[in-house]
Every structure is written in C-alpha cells, then in structure tokens.
Amino acid sequence: MQLDKMDENDWVYHGEGNKNLVVAHLSRVLRLLKYPAEDSENPPQSAEQAFRQIQNIVDFSSNVMSILLGEKFVHSGEVVKLPLEFVRQLSIKVQHERPGWRCDKVIDIYSGCALSLPNLTYPVLHLSTHTPPLCVEIKPKWGFLPSSKHVSKDIKSKVCRFCMYQLYKVATGKWKKRSLYCPLDLFSGNKQRMHFAIRQLIEEPQNNLKIFKGGQCIYSRKDSDDSLDLNSLLHHLRPYFLQGNNRFNCHMTNKAVLNDFIQVLMNALLSSEGREGGPVNDRHAERQSYCDASLFNKERSRQGSQGLPGDSVLSRILQTQMLDMRDIEELYPLYHRVEQHLQDFPKQRARLHIEGPYNKEFLEMLQKCPAEDDGSVEYAATKVGIHQYLITKTAKDCSIMVALVPSSDKEEEDEGPPPFTSLVSILDLDPKPFDSILYQLRLDQTIVSFYLQTRSALPEDSVSSHPTICAAPEKEECTLLFHPV
Ligand SMILES: O=P(O)(O)O[C@@H]1[C@@H](OP(=O)(O)O)[C@H](OP(=O)(O)O)[C@H](O)[C@H](OP(=O)(O)O)[C@H]1OP(=O)(O)O
Ligand SMILES: Nc1ncnc2c1ncn2[C@@H]1O[C@H](COP(=O)(O)OP(=O)(O)OP(=O)(O)O)[C@@H](O)[C@H]1O
C-alpha cells in the first residue's frame, strides 16, 4: 500500500460497528475512527490524539489480548497516516452504503489516521484455489453466567445477559425480532447445542453474524427491519458442498446444505490448531452451564457432553472472559475507589495507566498487584481490579472470523461435509474505557429489571425453555424455526 498514492476508487465500503468504519481493497482493510455526527464540524480530538488512540489499540491487542487469546488468532495491524483528501473523498464515496442506524456517527476525516489490517474475509489462503473463500463472522458475546456472591438479583445466575438483553433490545426498537441465539449454547462445546446456536444466528443474525464470499458480505442484517434472504444464502453455499466425495451428481436438500455448512463452521470453531483438520484433543470438561432462557432442550445435551478443546478459539475467548467472574455490581466499588482517588490526584491517571499506554510498564504493573485487597488504589486499578475487568469486557465484545476454502485433501469417507481448510481470527480487540463502568452498571440494572418486569407479563413458554424444540441436526423438526426455502 503506497500511502502517498491512495485512490478512493480502489477502496470499497466493507462494514462498520459502533466506533469504526472499515473499507477494503483486496487483501487489506483500513479501519477508520468515527465520532458523533454533532461533532462533525469540531473534531473531539487532535490528529496527534487520534494517532495515539489507534496506537493504543494496536498495543493493547498485541501486548495484552494476543497473549491471552493466542497469537495465532490475533492480527494487531499498524497505524497509518493517510492523505486527508483521500479520507474526505472516501467518506463521501461510502456514505450511501452505510446503514441508516449507524449514521449518528461520522468518519474522522480530520486526523488522517487509520488502522491498517489484513482483510480477514479475503485471506491469503484463497490464493491456492480458484474458489472464493467463504467467511463467517460471529460476535459471540458473554459465554457464562456470573457466579458472584454480590449479585443482587437471582435471575442473573440463571439467565444469561444476552438472552435478558434481547427483550430490552426488541422493546426499544434496536431490533425488530428477538434472537433465539444463546451464547452459552455456542460456548458449551456440545455439538448439538452449538448447532442449535448457529442455526439461531442464521435465523436472526442481528449484529452477531455476517457471512462473506470472496470478501463481500452476502448475508447480514443491516437494519432492524431489512429483509433476510436465506434462499440467496443457500444458493451461494450449495456449490461448496456439492464438491465433496461422490456428490457431484447428488441432489442435496437445502437442509443438508445448511447442516453441512454448520458442521464445517463448528469444526473450525472447535479446532485446536487454529487451522482446521487436526485431531481434537485436550478437551475441557464441559461446563454445566445452561441458560434458563435458551430454547435448547437441556435433556438432550446431557446425553452427549463434549466440552471445548483447550486451544480452540471458543475456549480461548471464554477463558479470557472468565478471568474476572465478578459481576459489575461487585466491581463497581473498586471503580469508585479509583475514581475518587483520581479526583484528588488527577495526575495519577498516567501512573495507573487508566488510558494506557499498554506497554511493558503496564504489564509490570499488573504483575506487581497485591493478591488480597489491601484497600489500596493499586489493587482497585490493576490485575484483580478495573484493568482485569476491562480486559474481560473486550473479550465479551470481540468477534470471530472464520475463513473457509474447500480443501483438495481427499478423504476416505463418503459421509459428512467435504473437507475445508480454515483460518480462524479474532477481531475488534479495542480497550474499553475506564469511564464506561458507571454506564455499564446502569445498563445492567436496566436490562435485569426490564427482563423481570417483561417476563412476568409474558406467557411462560415465550421466554423460558421449550421442551419440544430441539436441535438434533439429523432430525426433520430442526427446520422448525426456518422460513420455507
Ligand atoms: O454493552 P453491550 O453488550 O451492549 O455491547 C456493546 C455492543 O452492543 P451489542 O449488545 O453487542 O449490540 C455495541 O455493538 P453495536 O453498536 O450494538 O453493534 C458495541 O460493540 C459496544 O462497544 P463499543 O462501546 O463500541 O466499544 C458494546 O459496548 P461495550 O462492550 O463497550 O459495553
Ligand atoms: N481485519 C478485518 N478484515 C475484514 N473485515 C474486518 C476487519 N476488521 C473489521 N472488519 C469488518 O468491519 C466490521 C466493523 O469492525 P469492528 O467490529 O472492528 O468495528 P467496531 O466499531 O469496533 O465494532 P463495535 O460495534 O463492536 O465497537 C466488522 O464487523 C467486520 O465485518
């Protein structure tokens, strides 16, 4: 990439989240900061601050998250300085492709800073074949129930945050339809539960699932009420699954295509080598962790527990999320202690690395932290305190990208999906701001009280387990939740 010869016509809109917009050009992407539209005339930070913010993201990803999640999964990228005219033209060019609900923020066109990353939807893997890679992005969210003594509402240890939050999101219009995906099913390592969870993601992707082919998004929910085209997805997927052993002339039902696709995706998520194909060993004992709101039939999964392979992407994310099992209610007093201290001694913000930098000194500070609470601000801020909690917050909001290309390896069996090579990565590993903790506490209270109120007003089976719906992939009734195709 020649930074002095950038042409906006080479770059295409690729996607965006709450804080960044991403454009792609073949095997690279540029991730540009966004800020609230009302600040568009008056950028909230200088070019130097923007540069430092992105450098902080790179350092946090490479020095902290990559160690916890595994280097093979993490691509931290590098900060680049782009010509301002290029960014301005790019911003105009992509505007009409942006989803309406994201337009409350605008691209930072003043700093010229961006994060340059490999395009994970168009990995080098595909170069060995003429077939465009398939790529699945999953934002799995929180995979466990808090086990803190300080939880004020019992429901938090029975129903997961994602499932509770769904009722609030639908009621406030963020999404039109409730998602029946439950992260605890995906993270269970039990193949039936995982299969069920992935089907729910396909049925209602919200912002938790996107599917790409050849680097282009072919399946996602862009707005709360846009239409989803499952037929078109199946049309894209079918050729990949007809290529297997003895299948060239076989008729495959849509259900079989979808089951194969989910199977291949699960294999990649459970692979303990980063690249699919090797034997799965070093399994964790399955965490007997069930969410009462999941529609998966618990009795079925108890028959065949598998657990997550130790080095699989799901296991690494879950372990990182669980570094801090404390609930926000238990964490808040520690935040309060640090906040009070910073009010009295504002210059200590830098010493305590409240906004980074995430360098050697930061890691040393985490290691030196006292093991027991001695009432100090160091304890509250560091390893067992705020920083550790914020690290787990990043792991609760990251996404997994699974790139798949048909493999030429011949396999003996005629059964099962054709072989694929996969490349699994984790993205969106930005540090979460210290100041978000008060907001987190309030949001948590809102989600829980809304869930309790709404649940009591709804019929029993609309929010809790429903024994007649199960996820056995081989059974006909597993099409139950799908629209006709
Ligand atoms: O708090 P949550 O669980 O709603 O997560 C936010 C996400 O909402 P979600 O529920 O996944 O739709 C939210 O995603 P959306 O904007 O809803 O797509 C962001 O990821 C947000 O992170 P950040 O503040 O931009 O760094 C996320 O906020 P934090 O992870 O910073 O709390
Ligand atoms: N390296 C990459 N390769 C390919 N696509 C990417 C890459 N990084 C991001 N994307 C795409 O861009 C989208 C937005 O990126 P990202 O999730 O980092 O934004 P964000 O604003 O930080 O999100 P959030 O809402 O979680 O804060 C992703 O959902 C993904 O589809």
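This is a predicted model: local features need pLDDT of at least 70, side-chain atom pairs count only at pLDDT 80 or more; totals for chains, interfaces and linings use all residues.
## The five-stranded sheet

Let's start with the strands. Five of them make up an open sheet, in the order β9-β8-β7-β10-β11, and they pair in the antiparallel sense. Going from one strand to the next, the twist averages 25°.

One pairing to look at in the viewer is β10 with β11. Strand β10 covers residues 399–406, and its antiparallel pairing with β11 runs over eight bridges. If you want a landmark there, find A403: its opposite number in β11 is L423.

Helix α7, residues 254–270, lies across β7, β8 (209–213), β10 and β11. Relative to β10, helix α7 runs at about 120°.

## Salt bridges

The model has 22 salt bridges by the rule used here. One of them joins D444 and K156, whose side chains come to 2.7 Å, N to O. D444 belongs to helix α15 (residues 436–457), while K156 sits in the loop between β7 (134–138) and α3 (161–171), so this pair ties together parts that are 288 residues apart in sequence. Are the two partners buried or exposed? D444 has 10% relative accessibility and counts as buried; K156, at 3%, counts as buried too.

Then there's R316 with D311, another salt bridge, with 2.7 Å between the closest N and O atoms. Here R316 counts as buried at 19% relative accessibility. The cut-off for buried is under 20%, and D311, at 26%, counts as partly exposed.

E355 and R349 form a salt bridge as well, their closest N and O atoms being 2.8 Å apart. E355 is partly exposed at 40% relative accessibility, and R349 is partly exposed at 27%. Salt bridges can also link up into a network, as they do for K139, K141, D397 and K432.

## Around ligand 1

Which residues are closest to ligand 1? They are R102, R161, K169, K174 and Q440, out of 16 residues that surround this ligand.

Some of the polar side chains here can be picked out one by one. R102 puts a polar side-chain atom 2.5 Å from an oxygen atom of ligand 1. For K432, an N or O atom of the side chain is 2.7 Å from a ligand 1 oxygen, and K432 also belongs to the salt-bridge network with K139, K141 and D397. Y165 has a side-chain N or O atom 3.2 Å from an oxygen atom of ligand 1.

## Around ligand 2

Ligand 2 has 22 residues around it, and the closest are N18, K19, N20, E137 and D428. D428 brings a polar side-chain atom to 2.6 Å from an oxygen atom of this ligand.

R31 has a side-chain N or O atom 2.8 Å from an oxygen of ligand 2. K210 has a polar side-chain atom 2.9 Å from a ligand 2 oxygen.

## Two residues up close

Back to K156, in the loop between β7 and α3. What does K156 touch, leaving aside residues up to four places away in sequence? The list is L145, P146, V151, M164, D327, E329, D444 and V448. With D444, the side chain of K156 also makes a polar contact of 2.7 Å. The relative accessible area of K156 is 3%, which is under 20% and therefore counts as buried.

E361 can be set beside it. This residue is found in helix α12 (residues 360–368), and E361 counts as partly exposed at 43% relative accessibility. Its side chain makes a polar contact of 3.2 Å with the side chain of N359. E361 and R351 are 10 residues apart along the chain, and their C-alpha atoms are separated by 9.5 Å.

Technical notes. Residues are numbered from 1 along each chain as its sequence is written. Chains are lettered from A and ligands numbered from 1 in the order in which they are written. Side-chain values use heavy atoms; hydrogens and water are left out. A salt bridge is a side-chain nitrogen of Lys or Arg within 4 Å of a carboxyl oxygen of Asp or Glu. Helices (H or I, at least four residues) and strands (E, at least two) are DSSP runs, numbered from the N terminus. Buried means under 20% relative accessible area, exposed over 50%, partly exposed in between (1.4 Å probe, protein chains only). Two strands pair if DSSP finds at least two bridges between them. Axes are lines fitted to C-alpha atoms, for helices over the stretch in contact, and angles run from 0 to 180 degrees between N-to-C directions. Contact means heavy atoms within 4.5 Å. A residue is near a molecule or strand if one of its heavy atoms lies within 4 Å of it. A polar contact is a pair of N or O atoms within 3.5 Å; within protein, one must be able to donate a hydrogen and the other to accept it, and residues adjacent in sequence count only if both atoms are side-chain atoms.
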